[in-house]
Amino acid sequence: MALRLDDFSINTIIGPGSSINGDMKISGSIRIDGDLCGNLETDGNVQIGEFARIKGNITAKSIIVGGIVIGDITVKESVKLLSSSAVVGDVLARSIQLDENVVFHGHCIAVKDDARYDQLSSEFLTGKSIRRKVSAS
């Protein structure tokens, strides 16, 4: 896989001490060092700093987590959880890398084969949606 210039550029930054409440949909890559309470959707990469706290689901191209995420992570490519990270939620990706001392509580689907990934993620998300509706009743 060739690296593209946009793999390294960051379009949006949420700095330390910043706090955002609400869903975000952005184009390009984002680095978060503050707090986000809401869902994040981007077609780019996500970098979550060591002291960042996210409460919401994240959908992106790829993600590196150094802080805390309480929510599901769905990416088209890879997930990397650094030793300072904690994730409470499910992870769907083509590949995942966990450093030592990571806290991870949830389900994980990491399959390189595109067709198999699409099938497993679709089945998992459908089952999760059904369980959520049943528990809400």
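Asn-101 is exposed, with a relative accessible area of 66% (exposed means over 50%, buried under 20%, and partly exposed in between, with a 1.4 Å probe and protein chains only). Asn-101 sits in the loop between strand S16 (95-98) and strand S17 (103-105). Its phi is near 70°, a positive value in a residue other than glycine. Most residues other than glycine have a negative phi.

This is a predicted model, in which local features need pLDDT of at least 70, side-chain atom pairs count only at pLDDT 80 or more, and totals for chains, interfaces and linings use all residues. Residues are numbered from 1 along each chain as its sequence is written, and side-chain values use heavy atoms, with hydrogens and water left out.

**Overall build**

- Along the principal axes, the C-alpha atoms fill a box of roughly 40 × 40 × 30 Å.
- Of the 137 residues, 40% count as buried.
- Take the contacts between residues at least 6 apart in sequence: 7% of them join residues at least 24 apart (contact means heavy atoms within 4.5 Å).

**Surface and charge**

- The protein exposes about 8000 Å², and carbon and sulfur atoms supply 54% of that area (areas come from the Shrake-Rupley method with a 1.4 Å probe; for residues, only the protein chains shown count as cover).
- There are 15 positive and 17 negative side chains (Lys and Arg count as positive, Asp and Glu as negative; His and the chain ends are not counted).
- The centres of the two sets lie 4 Å apart, with each charge placed at NZ of Lys, CZ of Arg, CG of Asp or CD of Glu.

**Nonpolar cores**

- The largest nonpolar core has 24 residues (a core is a set of buried Ala, Val, Leu, Ile, Met, Phe, Trp, Tyr and Cys residues joined through side-chain atoms within 4.5 Å).
- Leu-40, Ile-48, Ile-63 and Ile-73 have the most contacts inside this core.
- Several strands give two or more residues to this core, including S3 (24-26), S7 (45-48), S10 (62-65) and S15 (91-93).
- Apart from this core lies another, of five residues, among them Leu-92, Ile-109, Tyr-117 and Phe-124.
- Beyond residues up to four places away in sequence, Ile-48 touches Ile-32, Ile-54, Ile-58, Ile-63, Ile-64, Val-65, Gly-66, Gly-67 and Val-69.
- In soluble globular proteins, nonpolar side chains tend to be buried together.

**Leu-36, a buried residue**

- Leu-36 belongs to strand S5 (residues 35-37).
- Its relative accessible area is 2%, so Leu-36 is buried.
- Leaving out residues up to four places away in sequence, Leu-36 touches Ile-20, Gly-22, Met-24, Arg-53, Ile-54 and Lys-55.
- Leu-36 and Ser-9 are 27 residues apart along the chain, and 21 Å separates their C-alpha atoms.

**Partly exposed residues**

- Ser-9 lies in the segment before strand S1 (12-14).
- Ser-9 is partly exposed at 33% relative accessible area.
- From Ser-9 to Asn-45 is 36 residues in sequence and 9.2 Å in space, C-alpha to C-alpha.
- Thr-12 is in strand S1, and Thr-12 is partly exposed at 22%.
- Thr-12 touches Ile-26, Ser-29, Ile-30 and Arg-31, not counting residues up to four places away in sequence.
- Thr-12 and Ile-32 are 20 residues apart in sequence, with 8.4 Å between their C-alpha atoms.
- Ser-78 is in strand S13, and Ser-78 is partly exposed at 29%.
- Ser-78 and Ile-63 are 15 residues apart in sequence and 6.5 Å apart in space, C-alpha to C-alpha.

Notes
Helix = DSSP H or I, 4+ residues; strand = E, 2+ residues; numbered from the N terminus.
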